[in-house]
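The following account leads the reader through one structure.

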Amino acid sequence: MGDTAWGLLLNTLILAGSTCALSIPLGTFLGWLLVRTDVPGRRTALVLLGILFFLPLYLQAAAWQAGFGLQGWMVLTRELPGWLRNWAEVVWIHGLAAVPWVAMITGAGFWLVEPELEEQALLDGSPWQVFWHVTLRHAAPAVGVAAVWVAIATAGEMSVTDLFQVRTYAEEVYTRMAVGQDPGEAAMGVLPAFMLSAILVASALAVLARLVPHDRPLSVRPRRVYRWGRWRLAAASLLAMLLALLVGWPLANLIYKAGLVATLGSNGPVRYWSLAKCLEIVATSPARYPQEFFWSLVLSLLAATTAVVLAGALVWWARRSRLATAIAVVAAAVTMAVPGPLLGIGIIEMLNQPAVPLLTYLYDQSIAAPWLAMVVRSLPPAMLILWHAMRTTPPEMLDAAAVDGAGPLARFWRIALPSRWPAVGLAWLVALAVALGELAASILVVPPGITTLSIRIFGLLHYGVEDRVAGICLAMIALFAAMAALIISLGRRWHGQGQV
């Protein structure tokens, strides 16, 4: 593909389309399998997918690189040529990373199909005819939403494409900024950048139009379960293979790489795996990068808190009128869709103003720039969670408070928030996970002397995944897994209170 601005834009669209072609069939099947069938192991699979939701793309790239990339254990022990080099590998990593998101979105679409429609169709056809003509047909919009979501996420990312030197628009913008070009020159032309952003924002609006809740009540009747019968064991085996591909194999790559020991024998190097070394490497990883851990936690905690406050204010304000709702949805769409490197350039242009000493100070000598990048990235998921939470606030309680003289702010603080605290905690944890994994924008705007874990790991991955890099990646995965466990726990509590 060409390296002109238009050629890079075409590369980006091809990558997004190829990623959708891999992830949509797998994720749609997985979503239906977990939500609407009696396949064994559904709960375990949902927990594992929940962890994958929050793993940054660079960690998933590291997991595959640990096995098959430069210094990968399969390359070293089996003396195989590394195959993580080009387009196919980038599509593979992006596609598998997108499968959990597709499964979540399409699974929600399958669950929302009205059981009354399926029961009526069963009077005239077999269960599988009902699936093809009713269930799948009514879940098709969710499949479209998942495809748009994957395209947005893929087009705005640069971590995997930069690692494997695949030229896309976001990657090229990052590369030019990294070598010190002026932000205006790094954008490579206004029109392609505008077109890419416009396409992504329009796509994000289409996604949010489906994800933002409406006033139509949902059916509370139990959903029909498709039963595998004598094929139940085969379905369980298929689910196990999918989970091994998505979780088991990449994680095993990192674990094996972290514990790989090489010694010199009489016939050359001898390699074997040591559990003790693996545990030691992982346990001591945080001590090797104390400053990176500190700044990552400080920035992500501040960004998550800010994002939840802003999201709560926008969502509550959006209840006032259709215009307010439209403005809030557009704000969420823009912050969700703008590619990371372009967001970084925007922050640089806004803060790097020599004529305004305060802005220059904030840009050069404070954490304002990376904090702002993380806030923008974590705002959309926080808004979506709080939007659904505030929608379920009983209007009778709010009306009664208004009659007693409580204003909008009082109703928000005294009624809406206390009755929806699990959702607020859930939104904060999700925003924290997103901020902690943010890379594409913050890598361009961190001031001198500050490095986050995302930036440190991303830099190390360019030289291959050696044992210490595998250890810090495993430590990060453990941290994200713990956060995912808290998120799942709060989600269940929210559901248990009848608030979803």
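Helices are taken here as DSSP runs of H or I with at least four residues, numbered from the N terminus. The model under discussion is a predicted one. In it, L251, I255, W273, L275 and L279 make a nonpolar surface patch of about 420 Å². Two helices, α12 (232-258) and α13 (275-288), each supply at least two residues of this patch; L275 has its place in α13.

Helix α13 also takes part in a charged contact. The side chains of D467 and K277 meet in a salt bridge, at 2.8 Å from N to O. Because D467 lies in helix α24 and K277 in helix α13, this pair ties together parts that are 190 residues apart in sequence. D467 counts as partly exposed, at 21% relative accessibility.

In total, the structure holds four salt bridges. One of them joins R227 to D38, with the closest N and O atoms 4.0 Å apart. R227 lies in the loop between α11 (190-211) and α12, and D38 in the loop between α1 (5-36) and α2 (42-53), so the pair connects parts 189 residues apart in sequence. R227 is exposed, with a relative accessible area of 62%, whereas D38, at 11%, counts as buried. D38 forms a salt bridge with R232 as well, the closest N and O atoms being 3.5 Å apart. Since R232 lies in helix α12 and D38 in the loop between α1 and α2, this pair ties together parts that are 194 residues apart in sequence. R232 is partly exposed, at 36% relative accessibility. Through shared partners, salt bridges join D38, R227 and R232 into one network.

Leaving aside neighbours within four places in sequence, L30 is in contact with L49, V99, A103, L239, L242 and L246.

Two single residues complete the picture. T135, in helix α7 (residues 127-155), is buried, with a relative accessible area of 0%. Not counting residues up to four places away in sequence, T135 touches R36, F110, V113, E118, V130 and Y226. M350, in helix α16 (residues 340-351), is partly exposed, with a relative accessible area of 44%. With neighbours within four places in sequence left aside, M350 is in contact with L359 and L372.

Notes:
Residues are numbered from 1 along each chain as its sequence is written. This is a predicted model: local features need pLDDT of at least 70, side-chain atom pairs count only at pLDDT 80 or more; totals for chains, interfaces and linings use all residues. Side-chain values use heavy atoms; hydrogens and water are left out. Contact means heavy atoms within 4.5 Å. Buried means under 20% relative accessible area, exposed over 50%, partly exposed in between (1.4 Å probe, protein chains only). Patches are made of residues with over 30% relative accessible area and no salt bridge: like charges are joined within 9 Å, nonpolar side chains (Val, Leu, Ile, Met, Phe, Trp, Tyr) within 5 Å. Accessible areas come from the Shrake-Rupley method with a 1.4 Å probe; for residues, only the protein chains shown count as cover.
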